[in-house]
Structures are given as C-alpha cells and as structure tokens.
Amino acid sequence: MAAEAAAAGAGHEVTGGVTSMEGIQDRPLPQGPYAPGTPPGALLRGWRERALLTQERLAERAGLNVRTIRRLENGALRRPRPSSILLLADALRLDGEERAVLAAAALGRTAAPPVRGDRAGTVRPAAADVPRELPADAVPFTGREAESAAIEIHGSSGAPVVIAVEGMAGAGKTALAVRAARRLAPRFPDGQVFVDLRGHRPGRAPVHPGEALARVLGALGVPAQRVPEHIDDRAALYRGAVADRRILVVLDDAACEEQVRPLLPAGPGCRLIVTSRRRLTGLDDVRAVPLDVLPVDHAIALFTATAGHDRVAGTPADVLAETVRRCGLLPLAVRTAAARLRARPAWTVEHLLARLNHARPTELDAGERGVYAALDLSYQRLPDDQRRAYRLLGSRAAEFGAEDAASVLGTTAPQARRLLDRLLDVHLLQEPAPGRYRFHDLVADHAAAS
Ligand SMILES: Nc1ncnc2c1ncn2[C@@H]1O[C@H](COP(=O)(O)OP(=O)(O)OP(=O)(O)O)[C@@H](O)[C@H]1O
Ligand SMILES: [Mg+2]
C-alpha cells in the first residue's frame, strides 16, 4: 500500500473518472490501511487512491477545504472533527466496516472487531431470527451532520457505551437517533431493537423497566412464557442473551435512568442509543449528544422541504428566516408551520408569518402532536416547586441570573439555583452563559399560559 501510495503521488491527478459505487465495493480492499494503529491520514489516503480521487476532487465531493485533507493525510491534523470524518466517509463511499475503522482512528482508538460475514458469506443468524425494528427515517432528513457523526463514532468504537441524545421536546431526538441507528445497523448483524419507553406520551404512563426488558427479550426471540417474573431475572436473561451478540438497542423517550439501567450494554458487541428530554446523569459511561435547535439555514431547508418548493419559491430570504425564527428554529414547530402552509393553498409565507406574529400558540397548535402539548407533558412531570418556578420565571423573555430568580420566587439564591438546575436537567431552561438563564421562546409561550 505504501508503495502504491508513493507511486500514485498524493495530491496529483490520478487517471480515470469516479467509478460507480458497485465498482468501488467490488475492488479488493487495500490491506495496509486496516493495520491496527494506522493513522487516519494513511487510511484516508489509501481509500482516496482506491476511489481514484485527487485531494482536490475529494475535497469538492465532501464539501471540505482541500487544506483539511492535505493536513489529515500528512499527519498535521490528527483529530479531525467528527462531522468532517462523516463527510469524508460519505464522499469515499466507505462501507460500515471502513467507516468504523476511520472513525476509531480519528478518535485514536481501535475499532470494534470487524463483523464476520459482512464481506464474504461467513455464517450469520438466520434472517428470520434477527430483529430489525428500526422505524423509517424522517423524510426529508435535514442537517445534524455533527451529531450524526458523533453517534456513529461512539457506536463504532470498541467500548460498549450508552449514547444519550438529549434535548427539549420536538428538537428531533428520535429522528436523529433513528437515522444514526440505521447507518450503524450493518455493524450489528444480530439485530436492531427499538423500544418506545413512552417517557412523554399523552394519557400513557412511562413503560416500566420490567416491561421494557420483556419487550426486548421478546424481540430477541425469547418466548413470552419463558420471560421470568422478577425484573432481576429478566435482566440476567437479557445479559445472557446479548453477551456474545452484536445487537443495537434504541430506547426512545426515556423518562429517567431507572428505565434504562436494566438494558445497559451487556457485552462487547452491544450498543445502546437512548433519547431523552432529561439529562441521564445517573448512568455510567454515557456519551451525551446534546441536541439544540436547528441553525437558520437548516430550519429553512426543513421548512421548504415540508411545505413544498413551489409554495416557497419567490419568498424573500428574510421572510423565510423570520418565519423559522418565529418557530423557535425547533424542528417540530418548523414542520407544523410548514404543514399548515401546505394545507392552505391560498396562503403565502408572508401570510403565515403574519399569523405567527399575531397568535403563535394558535398557529403552532397541532393537538396532541403539537409543540405546546409536548411541552405540557414535560411540565406535568415536574414536582410542585419546579412547576411553580417554571410558571413564575418562564414567561420572561430576557436572560436572568439566580439572584433575579430568587427575588421572583421569594427564596434564597442557592435554593433558586437548585430549582434552575432541575429545569436545565429536563431541557425546559437554557444556560447560554455560566449563571445566566433563559427560556426558549416557545417554552416561554407555554409557561405564560400555564
Ligand atoms: N433533522 C430533521 N430533519 C427532518 N425532520 C426532522 C428533523 N428533526 C426532527 N424532525 C421532525 O420534527 C418532528 C419532531 O422530531 P422528533 O419527534 O424527533 O423530536 P423529539 O426531540 O424526539 O421530540 P420528543 O421530545 O417529543 O420525543 C418530527 O416530525 C420529525 O420527523
Ligand atoms: Mg422523541
């Protein structure tokens, strides 16, 4: 490989066009890049040359600066950003195994052992026994490259970890977790299990941890009559069932750590992705992937794709930007507003914006699936003192500190800080700078009406 690389000469035009994906996958893999400890730059160069791409062509395809690729290949950049790795993996059409090797090298780790049978027909469980429960991707999925890359990297690394996607109601946690899990799926040939823990579902209690275990055991092929009564026995059976299998478990909408704990990864080939509106600080070995609202350009892309390009065509950019800002850049709200526009052929984006300016809560109300209903479920889960703090503080538009909060709540600053911490933990409050707090616009709407 090294000789090939030297012969090809990095950075020089290599003859031949870009081949089809099948062509790339059919070609034998270069052996060199897989050696343990190979730096990411050498891997990158090997796969770039295999794809017959110059550094410039690869940069163009990946949407990266050619300098980033040069620095990576010559070893000057040893810790690239996860989003760059993901873009490169896509541009080089790497398969699941190769993506994992590249991701692990970029983190300075060894990848999980390769999946036997992925390439050349070695034994795998019968397809009928393998749970494939991941729901379909949100269509069209927009943005979140850095967060997807972070999940992919943690999910591909050698250590069994819990990846927690955390954020406020409607931020897109489920959509992201599903998308990332689908991309990771080829690395988990023994199955992918998806369980809705119903942490925030109208009229339904969160799933009991014992029930969640029974559900996962069922997905793994344990007949209902063999699922033990006691939760500890179920957990033991689960650990045994997954100990030497490569299984990806996605737990959606966890209300608390207790729901998750019995399902922690129990073998080196297991990975767990959890989504939650709450920070799961009580679990060990959690890699948190916090999810903020969307950047304006991605929110506009989501709005346009949902409403339809024809409904948005000709709208001035500042009107579109203002419209998605009025939706708080929150995916759920952006989609709700865009769906309203699509359903009303006579409306223009300007008209929608005027309505959002006039009566946002009414415009974004989508019943049980709307943003205010989602926030209400978070509110309902709070104890009384936190609900009171939320109501009294939540309607303030401006940033504030713990002292201000204490005077509004009629309490001491330490006590106010404790309450603010709890609201931060459930993503009903934001802390843009240390000790400075603010409520998201839509949360403020909800708090004012609570
Ligand atoms: N990146 C995205 N691209 C396209 N659609 C998205 C994206 N993120 C979220 N959505 C859409 O926005 C809506 C809300 O997303 P989602 O249900 O994933 O939010 P959530 O954070 O899981 O909410 P909750 O806290 O209520 O579980 C869904 O319709 C989803 O399909
Ligand atoms: Mg969700």
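Trainee: In what sense do S1 and S5 pair, and over how many bridges?

Mentor: Good place to start, and do keep in mind that this is a predicted model. Between S1 and S5 the pairing is parallel, and the number of bridges is five.

Trainee: Which strand is joined to strand S1 by five bridges and has residues 271-276?

Mentor: Look at Ile-163 to find your way: its bridge partner is Ile-273. The two strands run parallel, and the partner of strand S1 (residues 162-166) here is strand S4.

Trainee: In what order do the five strands of the open sheet lie?

Mentor: Begin with the edges, strand S2 (192-196) and strand S5 (286-290), each of which pairs on one side only. From one strand to the next, the twist averages 15°. The pairing is parallel, and the order is S2-S3-S4-S1-S5.

Trainee: Is S1 largely enclosed by the rest of the structure or left open, and how many of its residues are buried?

Mentor: Follow the side chains first: Val-162, Ala-164 and Glu-166 point one way from S1, while Ile-163 and Val-165 point the other way, and all are buried. S1 is therefore largely enclosed by the rest of the structure, with a buried count of five of the five residues.

Trainee: Let's turn to the rings. What kind of pair do Tyr-390 and Phe-439 make?

Mentor: The model has four aromatic pairs by the ring-centre rule. In the pair you ask about, the centres of Tyr-390 and Phe-439 are 6.1 Å apart; their planes meet at 75°, and planes over 60 degrees apart count as edge-to-face, so that is the name for this pair: edge-to-face.

Trainee: How many residues apart are Tyr-390 and Phe-439?

Mentor: Tyr-390 belongs to helix H19 (residues 384-394), whereas Phe-439 is in the loop between strand S7 (436-438) and helix H22 (441-449). Tyr-390 counts as buried at 0% relative accessibility, and Phe-439 is buried too, with a relative accessible area of 2%. This pair links distant parts of the chain, and the separation is 49 residues.

Trainee: What kind of pair do the rings of Phe-400 and Tyr-437 form?

Mentor: Both Phe-400 and Tyr-437 are buried. Phe-400 lies in the loop between H19 and helix H20 (402-409) and Tyr-437 in strand S7, so their pair ties together parts that are 37 residues apart in sequence. Their ring centres are 6.0 Å apart and the planes stand at 35°, so the pair is tilted.

Trainee: Which residue lies over the face of Tyr-379?

Mentor: Tyr-379 is part of a cluster that ring pairs build with Tyr-390, Phe-400, Tyr-437 and Phe-439. The residue over its face is at 5.3 Å from the ring centre, and its name is Arg-387.

Trainee: Which side chain has an N or O atom 2.8 Å from an oxygen atom of ligand 1?

Mentor: Of the 18 residues around ligand 1, those that come nearest include Thr-142 and Lys-173. A backbone N or O atom of Ala-171 is 3.2 Å from an oxygen atom of ligand 1, and a side-chain N or O atom of Arg-335 is 3.2 Å from a nitrogen atom of ligand 1. The side chain at 2.8 Å is that of Arg-277.

Technical notes. Residues are numbered from 1 along each chain as its sequence is written. Chains are lettered from A and ligands numbered from 1 in the order in which they are written. This is a predicted model: local features need pLDDT of at least 70, side-chain atom pairs count only at pLDDT 80 or more; totals for chains, interfaces and linings use all residues. Side-chain values use heavy atoms; hydrogens and water are left out. Rings of Phe, Tyr and Trp (its six-membered ring) pair if their centres lie within 6.5 Å; planes under 30 degrees apart count as stacked, over 60 as edge-to-face and the rest as tilted. Helices (H or I, at least four residues) and strands (E, at least two) are DSSP runs, numbered from the N terminus. Buried means under 20% relative accessible area, exposed over 50%, partly exposed in between (1.4 Å probe, protein chains only). A charge sits over a ring if NZ of Lys or CZ of Arg is within 6 Å of the ring centre and within 35 degrees of the ring normal. Two strands pair if DSSP finds at least two bridges between them. Axes are lines fitted to C-alpha atoms, for helices over the stretch in contact, and angles run from 0 to 180 degrees between N-to-C directions. A residue is near a molecule or strand if one of its heavy atoms lies within 4 Å of it. A polar contact is a pair of N or O atoms within 3.5 Å; within protein, one must be able to donate a hydrogen and the other to accept it, and residues adjacent in sequence count only if both atoms are side-chain atoms.
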